[in-house]
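Grab a pencil and open the viewer.

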Amino acid sequence: MLSKKSFFVIAVFFILIMVVVYAYNEYHREPLNVEDVKSDLSVTATEMTQAFENDETSANEHFLGKIIDVKGTVIEVKNQGDTLVNIFLGAANKPGKVSCLIDETHTKEALKISPGSVHTIRGVCTGYLMDVELNRCVVIQ
């Protein structure tokens, strides 16, 4: 029969093993691929920028952290290195736009997009700086 001290040592050892396995799995977890996930909302780039410009607090509650399909005219495609591609959606004559940072696994498709074309891009809304920011984006159409 195990003494209380032995039982305590074995229990602590198993808990420690479980914590180490959990930490290892969290450290090596891959980010969500939004291409395979249904979006929470679907809006135009103009609607989204107007919502943030009119009432940022309300827009944050509505959009922040959600997977969103944004449809709009491509204003600019910026290639910021081997894996960083940023597509800007909106109206060329208006100051606000949606900045879509393309997921690094989809950069080749994104570089084929030309300004002036209309596309839908899916990404996670991370807030509003000078533009509405979407991260981990993929081009839907």
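This is a predicted model: local features need pLDDT of at least 70, side-chain atom pairs count only at pLDDT 80 or more; totals for chains, interfaces and linings use all residues.

**Exercise 1.** Find how many residues lie between strand 3 and strand 4 in their hairpin, and in which sense the two strands pair.

*Solution.* Start with the hairpin: strand 3 and strand 4 have 6 residues between them. Helices (H or I, at least four residues) and strands (E, at least two) are DSSP runs, numbered from the N terminus. Next, the sense: these two strands pair antiparallel over 5 bridges. Pairing takes at least two DSSP bridges between two strands.

Residues are numbered from 1 along each chain as its sequence is written, and side-chain values use heavy atoms, leaving out hydrogens and water.

**Exercise 2.** Work out which strand joins strand 4 through 4 bridges.

*Solution.* The partner is strand 6, and the two run parallel. To check a pair, take isoleucine 102: its bridge partner in strand 6 is cysteine 137.

**Exercise 3.** List what phenylalanine 63 touches, leaving aside its neighbours within four places in sequence.

*Solution.* First, contact means heavy atoms within 4.5 Å. Then read off the partners of phenylalanine 63: Leu41, Val43, Met48, Ala51, Phe52, Ile68 and Cys125.

**Exercise 4.** Say how strand 1 pairs with strand 2.

*Solution.* They pair in the parallel sense, over 4 bridges. Within strand 2, aspartate 69 stands opposite serine 42.
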